[in-house]
Amino acid sequence: MSSYSLQLFRSCTASLSSRTLARSAAFTHSSSTFRGRRHYSDVNNGETKPEAAEEVKEEVKEGEAAPAEKPQCAEELKKLKAKEEEVVDLTGRLRYLQADFLNFQRNAAREKEQTRDFAITRFASDLLETVDVLTLALKSVPLSALEPPTTEDKPVSDESSAPSSQPSHEASSTKPPEAHLRELYTGVELTQRQLLQTLFKYHVKPFDPTGDAFDPNRHEALYQAPIPGKEAGTVIDCQKTGYTIKDRVLRAAQVGVAQETS
């Protein structure tokens with residue numbers, strides 16, 4: 001009786017232990033599976049989902065910030081366009097100022113040169129009166145009085161053939177008046193020529209417009225006369241010579257002009 005009870009107890013214990021082991025193995029497997037799934041769900045819920053949520057939030061923020069940035073960009077573009085127009089305006093003004101400054105420099109250099117060239121205008125004008133007086137003095141002597149006398153015209157005397165012991169100043173008094181006139185004429189002519197050469201050094205030049213067309217800017221008409229064969233408006237006579245200094249008229253020539261013949 002006792003041996004049978006012991007075997008029965010052992011069999012019950014073995015079946016109970018096998019069931020317990022099976023249940024523990026199934027629980028272990030299910031718990032490991034659950035843990036794996038819980039770990040996967042923790043990773044997804046703890047790491048992946050917050051990142052996705054942050055990305056979604058950033059996209060939403062970008063979407064919300066885009067409409068706010070558009071007016072700001074338009075305003076910046078407007079300011080940039082205004083600055084570009086200002087740069088173009090200032091560049092144009094600078095170019096105009098540079099051109100004005102270059103013109104000012106050229107005009108200043110031209111005025112300086114003209115001041116240097118025409119500084120003696122008044123002095124030269126006064127000297128022209130002296131030249132006119134010398135010219136009139138030369139014109140007042142007829143050409144026949146300047147011709148040297150021939151041997152036939154020379155008087156023959158015994159005193160001239162004899163050796164003279166008189167001083168030179170007494171000998172010069174024996175010259176005829178025509179000789180003195182020729183010497184005076186030569187001296188006046190040399191004086192006039194030297195004065196004209198001096199004026200020429202300072203670009204003062206005479207001009208005689210006889211035969212040219214009348215120009216009111218260079219000529220001063222004193223009279224008009226009908227001359228056959230002459231075209232009307234032609235200079236037929238120059239009473240007083242004109243003068244220029246460089247390209248400017250220093251004194252207009254006083255002339256007579258041909259008139260139309262009826």
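His 203 sits in the loop between H5 and strand E1 (204–207), where helices (H or I, at least four residues) and strands (E, at least two) are DSSP runs, numbered from the N terminus. This is a predicted model, in which local features need pLDDT of at least 70 and side-chain atom pairs count only at pLDDT 80 or more, while totals for chains, interfaces and linings use all residues. Residues are numbered from 1 along each chain as its sequence is written, and side-chain values use heavy atoms, with hydrogens and water left out.

Back to His 203: its phi is near 65 degrees, a positive value in a residue other than glycine. At 38% relative accessibility, His 203 comes out as partly exposed; here buried means under 20% relative accessible area, exposed over 50%, and partly exposed in between (1.4 Å probe, protein chains only). Lys 246 also has a positive phi in a residue other than glycine, near 60 degrees. That lysine is in the loop between E4 and strand E5 (248–251), and with a relative accessible area of 37% Lys 246 is partly exposed.

As for the chain overall, there are five helices and six strands, running α-α-α-α-α-β-β-β-β-β-β from the N terminus on. Of its 262 residues, 15% count as buried. The accessible surface comes to about 21300 Å², with 56% of that belonging to carbon and sulfur atoms; these areas come from the Shrake-Rupley method with a 1.4 Å probe, and for residues only the protein chains shown count as cover. Among contacts (heavy atoms within 4.5 Å) with a separation of 6 or more, 70% are between residues 24 or more positions apart.

Now for the helices. Two packed helices are described by the angle between their axes and the distance between the axes. For helix H2 (residues 121–139) and helix H5 (residues 177–201), the axes come within 10 Å and cross at roughly 155 degrees. Axes here are lines fitted to C-alpha atoms, for helices over the stretch in contact, with angles from 0 to 180 degrees between N-to-C directions. H2 and H5 are therefore roughly antiparallel to each other, a label for angles over 145 degrees. On the H2 side, the residues in contact include Leu 127, Leu 128, Val 131, Leu 134 and Leu 138, and on the H5 side they include Tyr 185, Val 188, Glu 189, Leu 195 and Leu 199. The contact residues divide into twelve nonpolar, four polar and one charged; Ala, Val, Leu, Ile, Met, Phe, Trp, Tyr, Cys and Pro count as nonpolar, Asp, Glu, Lys and Arg as charged, and the others, Gly among them, as polar.

Then the strands. His 219 lies in strand E2 (residues 219–226) and is buried, with a relative accessible area of 7%. Leaving aside neighbours within four places in sequence, His 219 is in contact with Phe 207, Pro 209, Ala 213, Phe 214, Val 235, Ala 252, Ala 253 and Val 255. Gln 224 is in strand E2 too, but counts as exposed at 54% relative accessibility. Not counting residues up to four places away in sequence, Gln 224 touches Val 257 and Gln 259.

Thr 241 lies in the loop between strand E3 (235–240) and strand E4 (242–245) and is partly exposed at 29% relative accessible area. Beyond four places in sequence, Thr 241 touches Pro 206, Phe 207, Arg 251 and Ala 253. Thr 241 and Ala 253 are twelve residues apart in sequence and 5.1 Å apart in space, C-alpha to C-alpha.

Conventions: Angles under 35 degrees count as roughly parallel, over 145 as roughly antiparallel, 65 to 115 as roughly perpendicular and the rest as oblique.
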